[in-house]
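Colleague: Could you walk me through this model? I'm new to reading structures, so please take it step by step.

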Amino acid sequence: MVDHVQSLARGLAVIRAFSATEPELTLSQVARATGLSRAAARRFLITLADLGYVRSDGRLFALTPRVLELGYAYLSSLSLPEVADPHLERLAAEVHESASVAVLDGEDVVYVARVATARIMRVTISIGTRFPAYCTSMGRVLLAALSPDRLEAYLERAELRRLTSRTIVLPAALRAELDQVRHRGWAMVDQELEEGLRSIAAPIRDRTGRTVAAVNVSTHASRTTLQAAGRDLLPPLLATATKIEADLASLSVARA
């Protein structure tokens with residue numbers, strides 16, 4: 001390949017030779033791990049040390065925190081959907097149900113990321129799909145995070161329509177439900193948006209603790225009871241929210 005810069009590839013190979021299990025390596029170990037001669041490995045290590053990416057005590061070499069800058073450059077280019085997508089893939093594969101991320105926009109939630117395993121709604125959900133916030137699990141997580149003034153403004157604007165026989169449409173009842181969501185830190189909605197649809201959602205917070213999005217798992221009532229949803233879906237869902245939050249925190253540091 002004409003444009004392939006072999007020295008750059010070798011330099012990156014030297015960086016990748018270090019790992020959590022081998023954070024410190026001798027010159028011989030680096031040469032063996034990369035397939036370089038000892039002389040070539042030494043040149044790359046000295047260059048990386050001059051640039052601040054590697055330190056040495058004379059015998060052992062190790063990466064420095066400056067290597068994180070290489071990852072931050074990538075993270076700083078990511079958006080919420082790109083950060084969330086790989087986590088949703090793993091969550092959906094683990095629980096064998098569809099997983100999504102949404103944000104609040106006016107009276108609606110808007111889907112910004114989704115991994116579908118099966119179609120369980122009459123409406124096809126895709127990126128950009130909107131649903132009323134008051135009767136969705138992600139919407140309730142996001143509404144519960146609003147300040148009292150903003151929540152009251154929402155309740156004054158929103159049209160609480162009965163979409164199924166289970167839909168909460170009384171403002172007082174919705175306030176009580178949001179209080180519970182706020183207290184326990186997650187929301188479960190049982191067939192309020194559509195008959196047969198159950199979903200459970202958790203908040204995604206930025207590093208200041210502000211809720212910026214919600215992540216959920218949706219399932220069909222015929223195959224998952226409420227008890228099973230809490231037992232089998234909630235723990236991996238909460239773990240996924242934590243992982244997304246950690247990546248968002250790294251992203252915000254990279255952009256600072």
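**The sheet and its neighbours**

Modeller: Happy to! This is a predicted model. In it, six strands make an open sheet, paired antiparallel, in the order β6-β5-β4-β9-β8-β7.

Colleague: Which are the edge strands of this sheet?

Modeller: An edge strand pairs on one side only. In the order β6-β5-β4-β9-β8-β7, look at the two ends. The edge strands are therefore β6 (130-132) and β7 (187-190).

Colleague: Is β8 largely enclosed or largely open?

Modeller: For burial, the cut-off is under 20% relative accessible area. Eight of the nine residues of β8 are buried. So, with the rest of the structure around it, β8 is largely enclosed.

Colleague: Which residue in the turn between β8 and β9 has a positive phi?

Modeller: The hairpin of β7 and β8 has six residues between its strands, and Q191 there takes a positive phi near 60 degrees. The hairpin of β8 and β9 has five residues between its strands. In that turn, the residue with a positive phi, about 95 degrees, is G209.

Colleague: What class of aromatic pair do Y111 and F131 form?

Modeller: A search of the whole structure gives one aromatic pair. Y111 sits in strand β5 and F131 in strand β6, 20 residues apart, and both Y111 and F131 are buried. Their ring centres are 5.9 Å apart, with 80 degrees between the planes. Planes over 60 degrees apart put a pair in this class, so the answer is edge-to-face.

Colleague: Which strands does α6 touch as it packs on the sheet?

Modeller: Another helix, α5 (residues 80-95), lies across β4, β5 and β9, at about 65 degrees to β5. As for α6, its direction makes about 155 degrees with that of β9. The strands that α6 touches are β4, β5, β7, β8 and β9.

Colleague: How are α6 and α8 oriented to each other?

Modeller: The axes of α6 (residues 137-144) and α8 (residues 171-184) come within 9 Å and cross at roughly 80 degrees. Residues that meet include R140 and L143 in α6, with E177 and L178 in α8. By class, this contact has six nonpolar, no polar and three charged residues. Angles of 65 to 115 degrees share one label, so α6 and α8 are roughly perpendicular.

Note on methods:
Residues numbered from 1 in each chain as written. Predicted model: local features only at pLDDT ≥ 70, side-chain atom pairs only at ≥ 80, totals over all residues. Heavy atoms only, no water. Axes fitted to C-alpha atoms, helices over the stretch in contact; angles between N-to-C directions. Helix = DSSP H or I, 4+ residues; strand = E, 2+ residues; numbered from the N terminus. Parallel < 35°, antiparallel > 145°, perpendicular 65-115°, else oblique. Contact = heavy atoms within 4.5 Å. Nonpolar A, V, L, I, M, F, W, Y, C, P; charged D, E, K, R; others polar. Phe/Tyr/Trp six-rings, centres within 6.5 Å; stacked < 30°, edge-to-face > 60°. Buried < 20%, exposed > 50% of the residue type's maximum accessible area, 1.4 Å probe, protein only.
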